[in-house]
Amino acid sequence: MTKQQIHAERLLGKKVFAMNGHSIGRLEEIRTAKDRGHYFVSEFLVGKYAVLERFSAWSIGRALLRILGAKREEGYRIRWDQLDLSDPGRPRLLCDVDELLPLKWEQLPS
């Protein structure tokens, strides 16, 4: 297995592309987990709601998005193994969009 190092700040804000070449949103959050003293990327959050999570502005942002008529699903949770980062400037999915978990406002902190 080949190891790859990428600076997280170079990924944040990049558009993530589906297998068909269409953008599904911008990568806004990288979540990590700790196991036996080592940290690893567990998932990526992409889309409008992900940016609110990133800036810890969820309570205000959720209210504003409701007023503006946002859908209840405005982003995706992408597992670490569903994203190809071989070109960090153009991350792309390794699966169909319908295989991703939707990022719903009920799942984020209030």
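Tutor: Helices (H or I, at least four residues) and strands (E, at least two) are DSSP runs, numbered from the N terminus. Two strands pair if DSSP finds at least two bridges between them. Here, Leu27 stands opposite Val46 in β3.

Student: What should I know about the model itself?

Tutor: It's a predicted model, where local features need pLDDT of at least 70, side-chain atom pairs count only at pLDDT 80 or more, and totals for chains, interfaces and linings use all residues. Residues are numbered from 1 along each chain as its sequence is written, and side-chain values use heavy atoms, leaving out hydrogens and water.

Student: How many bridges join β2 to β3?

Tutor: There are 8, and β3 (residues 38-47) runs antiparallel to β2. Their hairpin has 2 residues between the strands, and Arg36 there takes a positive phi near 55 degrees.

Student: What about β1 and β2, which way do they pair?

Tutor: Antiparallel again: β1 (residues 15-17) and β2 (residues 23-35) share 3 bridges. Val16 has Gly25 in β2 as its bridge partner. This hairpin has 5 residues between the strands, and Gly21 takes a positive phi near 95 degrees.

Student: Is Glu74 buried or exposed?

Tutor: Buried means under 20% relative accessible area, exposed over 50%, partly exposed in between (1.4 Å probe, protein chains only). Glu74 counts as buried because its relative accessibility is 16%. You'll find Glu74 in β4 (residues 73-79). Glu74 and Gly47 lie 27 residues apart in sequence, yet 5.9 Å apart in space, C-alpha to C-alpha.

Student: And where is Lys14?

Tutor: Lys14 sits in the loop between α1 (8-11) and β1. Its relative accessibility is 32%, so Lys14 counts as partly exposed.
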